[in-house]
Amino acid sequence: MEPLRLHWCSPPDTGQAKPTDKYNIGTLDMGQVRDFVQEAEELGVDSLLFGISNYLPDPLPVLGALSQVTDRVKFMLAYRPGLMSPTLFAQVVNTLSWMTDGRMSLNIVSGISPAEQAGYGDFLSHDERYARCNEFLEVIRGLWEDESPLSYDGQHYTIKDAALGLGHKGGGRRPEIYISGASAVAQQTAIASGDCWLRYGDTPESLAVASKPLLDAGRRVGTRMHVLSRDTREEAVAELAHLMRDPDEDHTAWIRQWVDTTDSEAVKSSYQLADSVKDEWLSPYIWTGAVAYRGGPALCIVGSHEEVARYIHSYKAAGISEFIFSGWPTRDEMRNFFTHVAPLIRRLEEQES
């Protein structure tokens, strides 16, 4: 089996110190972002996910700048169909592929909040956004797969004789495409046009059931979670208690209000999952206590370094081949994970080969 691909989520700054903190928005410190990304490169992070939302800096110019101060780490660009034409988007990605020497992939997100989408002038329903997403992917893949000049006549896009002078770096190549979402239409999109289906975390057993149609169709499956490990399980659980002291309840109320506005099945199901468990533990190693403050990605794998490594490794049998992790504080936990846990995962993989 191929080694697990271990990615990390890169925030616009150093991230929340605690899961109950408010988001640090309204500023962009490129010095901090640069230092974070350069350390990730030294630690051996596969890719860094740069998300997209109206409260975040736009990832495109940020990645352009970071491409010039890194050599090995890859960038996973999250973007939403509908914000720009597919031809222009392919042109931008082609340019970034040259700036990064091909070190980039795409995380296509169809949108999770009608209220946020409306702020961009987009009023399509959930399934209509995925229909547009499918057309968007057909166009950009056509441009990358040498259908030039390309014409397209769809419900959402009409393109005539599109041709780009600068192709994707490497000629005939295209970036890997990750499709996010838990709904049936998200899965269908991943099968039709993606390389990897990406969804929020769950137990290995539950993800194995959910992933089977994607795996049967030849697609990879990845998951997005948090992680917290210490020398012993007792230390890890004690750290959770420390992180959850003095929670900002106004932030909790803000998150709940935001959840009420979303039409994302992934977001809603993650809250339902957290609400359904007893004593905040979905399994002996998955803690749900931060979901109310941070959302679906906050399902957290917790334990000793060895326990966390073995639990993550157990997802391989469920067909999960990629993880995008975060932590609190995210830079400290990234350093901890890639220093103490990732080597243990690699050792387990060597033993299975």
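Start with the aromatic rings: this predicted model holds 13 aromatic pairs. A pair like this is described by how far apart the ring centres are and by the angle between the planes.

**Stop 1: F89 and F136.** Select these two and show their side chains. The ring centres are 5.3 Å apart and the planes meet at 50°, so this pair is tilted. Now colour by secondary structure. F89 belongs to helix 3 (residues 86-99) and F136 to helix 5 (residues 126-144), so the pair ties together parts that are 47 residues apart in sequence. Buried or exposed?

**Stop 2: F325 and F337.** Next, pick this second pair. Here the centres lie 5.0 Å apart with the planes at 50°, so the pair counts as tilted. Distant parts of the chain are linked here: F325 sits in strand 13 (residues 320-326) and F337 in helix 13 (residues 330-352), 12 residues apart. How accessible is F325? Its relative accessibility is 0%, so F325 counts as buried. F337 comes out at 1%, so that residue counts as buried as well.

**Stop 3: the cysteines.** Now for sulfur. A disulfide is a covalent bond between the sulfur atoms of two cysteines. How many disulfides does the structure hold? The count is 0. Select C133, which is in no disulfide: the nearest cysteine sulfur, in C196, is 15 Å away. C133 is buried, with a relative accessible area of 1%. C196 has a relative accessibility of 1%, so this cysteine counts as buried.

**Stop 4: a pocket.** Finish with some empty space. Rolling a probe the size of a water molecule over the atoms shows where such space is left. Select L143, W144, D146, G167 and H168: among the 13 residues lining the second largest pocket, these lie nearest its centre. The volume of this pocket is about 160 Å³. What is the lining made of? It divides into 5 nonpolar, 6 polar and 2 charged residues.

Key:
Residues numbered from 1 in each chain as written. Predicted model: local features only at pLDDT ≥ 70, side-chain atom pairs only at ≥ 80, totals over all residues. Heavy atoms only, no water. 1 Å grid on protein atoms, 1.4 Å probe; cavity = no way out; pocket = protein on both sides within 12 Å on 5 of 7 lines; lining within 4 Å. Points joined across faces, edges and corners; volume = space filled by probe spheres on them. Nonpolar A, V, L, I, M, F, W, Y, C, P; charged D, E, K, R; others polar. Phe/Tyr/Trp six-rings, centres within 6.5 Å; stacked < 30°, edge-to-face > 60°. Helix = DSSP H or I, 4+ residues; strand = E, 2+ residues; numbered from the N terminus. Buried < 20%, exposed > 50% of the residue type's maximum accessible area, 1.4 Å probe, protein only. Disulfide = S-S within 2.5 Å.
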